[in-house]
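Dear colleague,

Please find below the structure that I am handing over to you, together with its sequence. My findings follow directly after it.

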Amino acid sequence: MSGSTARSVALELVGRVIDDGAFSNRLLPALLARSGLDARDRAFATELAFGTLRRRLVLDPWIERAANRPIDRVTPPEARHALRLGAYQLTAGVAPHAAVSATVDLVPGRARGFVNAVLRRLASTPLEPGAGSGPEAIAARTGMRAWAVEELTRLVGDEAEAAAAAFASRAPLSIRVVGGAAALASVRAELDAVGVTAVPGSIDDGCLVTEDGGDPRRLPGFAEGRWTVQDQASAFVVAALGPTSGEDVYDACAAPGGKSLFAAELVGPEGTVLAADASPRRVSLIAKGAARLGQAPWLLAQDAARPAVSRSFVRVLIDAPCSGLGAARRRPELLWRVGKEGVSGLAARQLAIATAAGEALAPGGRLVYAVCTFTRGETDAVCDALLRARPALRPVVTPGPDGPAERHRLWPHRHGCDGMFVAAFERVS
């Protein structure tokens with residue numbers, strides 16, 4: 001990518017995520033690695049790309065009014081995405097002349113005049129947030145689809161807009177330190193020495209949170225396996241599972257492995273962690289992370305709904321595949337990519353996995369069901385159906401940030417972490 005700029009990298013990522021269905025969090029590191037950009041331009045490219053994706057549903061109507069046509073009719077695709085990229089810059093404090101001229105330079109020759117004219121029109125027509133308190137109005141201001149805002153309204157009432165805005169914001173870097181309180185203090189001091197201010201997590205005291213970390217792989221302690229990138233909500237799931245020294249743990253949907261590797265640390269060399277996933281490629285990600293952290297879980301590629309597991313475990317974790325809305329701060333395309341119509345199919349898959357995994361739970365053992373989303377169909381409805389399908393299970397009260405409960409919901413606007421649903425069960429004899 002000789003001659004790459006922050007804007008050209010951002011434009012490529014936006015186009016491939018929107019047009020090709022790529023995942024922003026997976027694609028961005030690869031684009032940056034071959035871009036040749038320095039740290040400052042890498043950070044700028046990340047902000048432009050993720051900001052544009054995050055605000056897509058807010059920006060598109062504004063662009064369409066200035067262009068006098070639906071944005072999907074703007075051709076070629078580079079011009080369409082350049083309009084989005086330029087429009088985002090105009091709302092993000094970039095000088096208008098730079099936002100317009102540098103973005104127009106990325107567009108093929110014949111479309112440059114049109115993109116230039118539309119962006120100049122936008123520069124003189126401020127984006128109005130709009131009024132109203134209904135799901136459509138909140139969606140127009142935050143960028144989260146209206147059906148998801150409606151779900152939020154049912155769950156958090158008047159906090160729906162605050163919740164949607166939090167999901168549509170940039171997440172801080174959250175890391176989990178390996179080795180306890182002394183190791184955490186040491187890592188915190190090392191980060192401070194390189195100008196990175198990190199504070200202890202409010203949900204998990206083994207985590208540190210920072211707003212100015214940059215590329216985490218370049219920070220002290222990462223290469224040596226002294227810490228790993230992990231949101232506090234993810235660490236909370238493992239805390240709810242509660243593995244202790246010497247226990248056996250089965251993580252049915254483990255990739256990329258953060259929860260499995262945390263559990264492996266807690267059970268120690270006397271215990272065992274079986275980390276399974278449907279994709280052999282994603283199982284290899286667990287192996288890579290395990291090698292860096294000095295862990296050695298058992299690894300298995302399988303369909304979690306039809307598992308190859310035949311033994312029992314005292315701890316079973318189901319971090320089920322889901323709509324992922326709770327992780328939208330880190331994968332902004334989830335704000336608009338997920339459709340309401342897909343939730344029922346996901347719920348059926350989640351129930352099949354949970355029901356099958358329940359077979360591997362030993363009497364007296366604990367099963368935790370977790371999803372990084374908030375839709376009722378993927379959370380309470382699945383848990384209710386699981387209790388009907390597995391009458392030997394009973395709900396278990398576990399500690400949480402809002403007090404002890406059988407089911408916990410974590411929210412970015414309340415708890416400062418990813419959105420997560422966590423429910424614990426015990427198998428009676």
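Pro-256 lies in the loop between strand S5 (248-251) and helix H13 (258-267), where helices (H or I, at least four residues) and strands (E, at least two) are DSSP runs numbered from the N terminus. The peptide bond that leads from Ala-255 to Pro-256 is cis, with omega near 5 degrees.

This is a predicted model, in which local features need pLDDT of at least 70 and side-chain atom pairs count only at pLDDT 80 or more, while totals for chains, interfaces and linings use all residues. Residues are numbered from 1 along each chain as its sequence is written, and side-chain values use heavy atoms, with hydrogens and water left out.

Pro-76 belongs to the loop between helix H4 (56-67) and helix H5 (77-91). Asn-68 is also placed in the loop between H4 and H5. Its phi is near 60 degrees, a positive value in a residue other than glycine. Asn-68 counts as exposed because its relative accessibility is 67%; exposed means over 50% relative accessible area, buried under 20% and partly exposed in between (1.4 Å probe, protein chains only).

I turn next to the aromatic rings. A search of the whole structure gives six aromatic pairs. Rings of Phe, Tyr and Trp (its six-membered ring) pair if their centres lie within 6.5 Å; planes under 30 degrees apart count as stacked, over 60 as edge-to-face and the rest as tilted. Tyr-369 and Phe-421 are an edge-to-face pair, because their planes stand at 70 degrees, with the centres 6.5 Å apart. This pair links distant parts of the chain, 52 residues apart: Tyr-369 is in strand S9 (residues 361-371) and Phe-421 in strand S12 (residues 420-427). Both Tyr-369 and Phe-421 are buried.

Phe-374 and Trp-411 form a tilted pair, at 5.9 Å centre to centre and 40 degrees between the planes. They are 37 residues apart, with Phe-374 in the loop between S9 and helix H17 (380-389) and Trp-411 in the loop between strand S11 (407-410) and helix H18 (412-415). Phe-374 and Trp-411 are both buried, and together with Phe-167 they make up one aromatic cluster.

Finally, two arginines have a charged end over a ring (CZ of Arg, or NZ of Lys, within 6 Å of the ring centre and within 35 degrees of the ring normal). Arg-56 sits over the ring of Trp-336, 4.4 Å from its centre, and Arg-311 over the ring of Phe-313, 4.5 Å from its centre.
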